[in-house]
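Work through the exercises below with the sequence and the coordinates open. Each task is followed by a stepwise solution.

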Amino acid sequence: MGTQVDGFFKTFSVGATAVSAYRAVQPTSTAGQVQAAVTGATLAIGFTQEDIAANGTGTVKLFHPTYFATVSGTCAVGDSLSFDASGLVTTLAANTVSAGIALEAASETGAVIEIAVPLKVD
């Protein structure tokens, strides 16, 4: 399980592509890993605080603190999540309010995962 972040800084790794300092990042499909945010429907979670070499780790200043939530069903890292009628989180359905982005995967109902709140501007 991830570490709940209340100080708005969290250490992440990057894959084979380096990320420069002060770049917006989004989660990849690998828990604990980010990549430079890309245009379109992606949701950034914060900005790098230093250059991060390929396959290295570095600090990200998150837009919001992270929190733990219990999952209904399953989800993958990077999935957008919403709330269900019982207060659990589930993959985002159309026309629902976002609960955040999964920073960890859940393979069964009842799993507790870490969620980041993205910066989303409509």
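Two strands count as paired if DSSP finds at least two bridges between them. The model used here is predicted.

**Exercise 1.** State which secondary-structure elements the protein chain contains.

Solution. Step 1: the chain has 10 strands and zero helices. Step 2: read from the N terminus, the order of elements is therefore β-β-β-β-β-β-β-β-β-β.

**Exercise 2.** Give the strand order of the open five-stranded sheet and find its edges.

Solution. Step 1: the order is β6-β10-β9-β7-β8, and the pairing is antiparallel. Step 2: β6 (67–70) and β8 (89–91) each pair on one side only, which makes them the edge strands. Step 3: from one strand to the next, the twist averages 50°. Step 4: inside the sheet, β9 (residues 98–102) and β10 (residues 112–116) are antiparallel and joined by two bridges. Ile 101 faces Ala 116 of β10.

**Exercise 3.** Describe the nonpolar cores and the surroundings of Val 34.

Solution. Step 1: the largest core holds 13 residues, and Phe 12, Val 34, Ile 45 and Val 60 have the most contacts inside it. Step 2: β1 (9–14) and β5 (57–62) are the elements that give it two or more residues. Step 3: beyond four places in sequence, the contacts of Val 34 include Phe 12, Val 25, Pro 27, Ile 45 and Val 60. Step 4: another core, of 11 residues, lies apart from the largest one; among its members are Cys 75, Leu 81, Val 89 and Ala 106.

How values were computed: Residues are numbered from 1 along each chain as its sequence is written. This is a predicted model: local features need pLDDT of at least 70, side-chain atom pairs count only at pLDDT 80 or more; totals for chains, interfaces and linings use all residues. Side-chain values use heavy atoms; hydrogens and water are left out. Helices (H or I, at least four residues) and strands (E, at least two) are DSSP runs, numbered from the N terminus. Axes are lines fitted to C-alpha atoms, for helices over the stretch in contact, and angles run from 0 to 180 degrees between N-to-C directions. A nonpolar core is a set of buried Ala, Val, Leu, Ile, Met, Phe, Trp, Tyr and Cys residues joined through side-chain atoms within 4.5 Å. Buried means under 20% relative accessible area, exposed over 50%, partly exposed in between (1.4 Å probe, protein chains only). Contact means heavy atoms within 4.5 Å.
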